[in-house]
Amino acid sequence: MEKEVIYKSFDEVLRAFLDKDDRMHRHGRDNDWWYASSLGTCKRQHYMRRMGLEKSNKKQFRIRFVGKDGTAGHEWRETAAKSMGVVVGAEERLVDEKVRYKGRYDLLINLHNKLVLLDIKTQRPEAFFYRSRKAPGEKVPEFQKLQLASYIYFARRKYPDLKEGRIYYVDRGGGCREEFIFNFDDKMFKKVLDELNYLNTCWEKKLIPPALEKKDWKCRFCDFKDACKEVDKNKLNFNKTLQTYGKQIK
Ligand code: SF4
């Protein structure tokens, strides 16, 4: 007998795939690091991720579809760069055991005989529009610069000639692009290390960092918003938070 198929629509197939994909990554993921992709954002959220707490709310499918389309957008650009012979490295994992840092940059390419580390950001048309209308010095958010600086700082151990970083924005709906060039100084690299050192000190002392002073829209979408609220309301310490919100081993 043929295998029974339970899906009634193509969208249902894709949603089931995303759930399956999540389960696979969830089990394979080693959380015990500070991730480049969370630098410069809420330190408490970053910290709670490393604690391995259960997520408060499942991400809407709409957001997960956007994430997958973003990844697909990266893939063809990487293929194009490879085909044009400019790629030196791609999706390379950067690890520093001492400060517990893990990051994975998008592309390391050769432009005009110079090494350039490239971070590709695909954006919704509205997000691209509002960001690109900002004043010249404000078009790239600080946290994205910090993340890029972290890639460069740790990648330079292997590629000492690497100095330049770029953020390449793509408007997913309208096809517009913008490319920003950065040559960071030591002050920026110090910011990266200061943040990692701060997180590590909190970790050693089992102190949960404070919540954002001004709660904003990011809190609405935060994976740990329930735990965050309870920590402040009921003065939960590290162990109690882990007991209450830690992942149940299934
Ligand atoms: S709810 Fe807001 S303040 Fe709390 S951890 Fe999440 S992002 Fe940070």
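This is a predicted model: local features need pLDDT of at least 70, side-chain atom pairs count only at pLDDT 80 or more; totals for chains, interfaces and linings use all residues.

Visitor: Which residues are around the ligand?

Guide: They are Cys42, Arg44, Gln45, Ala211, Leu212, Lys215, Lys218, Cys219, Cys222, Phe224, Lys225 and Cys228. Two or more residues of this shell come from each of α2 (43–51), α7 (217–220) and α8 (225–233).

Visitor: Which residues of α2 are buried, and what covers them?

Guide: Lys43, Arg44, Gln45, Tyr47 and Met48 are buried in α2. Their cover includes α6 and α8. Glycine 52, with a positive phi near 75°, follows α2.

Visitor: How do you know that the span of helix α6 is close to the expected one?

Guide: Helix α6 (residues 186–205) has 20 residues, and the distance from its first C-alpha to its last is 28 Å. At 1.5 Å a residue, 28 Å is expected, and the span is accordingly described as close to expectation.

Visitor: Which residues of α6 are buried, and what puts them on the same side?

Guide: The buried residues of α6 are Val192, Glu195 and Leu199. They cover an arc of only 65° around the axis, and therefore lie on the same side of α6. Among the elements that cover them are β1 (34–35), α2 and α5 (142–155). The face of α6 turned away from this buried side carries the exposed residues Asp186, Lys187, Asp194, Asn197, Tyr198, Thr201, Glu204 and Lys205.

Visitor: What makes the phi of lysine 206 worth noting?

Guide: Most residues other than glycine have a negative phi. Lysine 206 is not a glycine, yet its phi is positive, near 55°.

Visitor: Where does asparagine 113 lie, and why does it count as exposed?

Guide: Asparagine 113 lies in the loop between β5 (107–111) and β6 (114–123). It has 5 C-beta neighbours inside 10 Å, and 12 or fewer is the requirement, so asparagine 113 counts as exposed. Its phi is also positive, about 60°, although asparagine 113 is not a glycine.

Visitor: Why is glutamate 230 assigned to the partly exposed class?

Guide: A buried residue needs 20 or more other C-beta atoms within 10 Å, an exposed one 12 or fewer, and partly exposed residues fall in between. Glutamate 230 has 16, and is therefore partly exposed. This residue lies in helix α8. Its C-alpha atom is separated by 33 Å from that of valine 95, which is 135 residues away along the chain.

Visitor: What share of the residues counts as buried, and what share of the contacts joins residues 24 or more positions apart?

Guide: Of the 250 residues, 21% count as buried. Among contacts with a separation of 6 or more, residues 24 or more positions apart account for 65%.

Methods:
Residues are numbered from 1 along each chain as its sequence is written. A residue is near a molecule or strand if its C-beta atom, placed from the backbone, lies within 6 Å of it. Helices (H or I, at least four residues) and strands (E, at least two) are DSSP runs, numbered from the N terminus. The expected span of a helix is 1.5 Å times one less than its number of residues. The arc is that of the directions from the helix axis to the C-beta atoms. Two residues are in contact if their C-beta atoms, placed from the backbone, lie within 7 Å.
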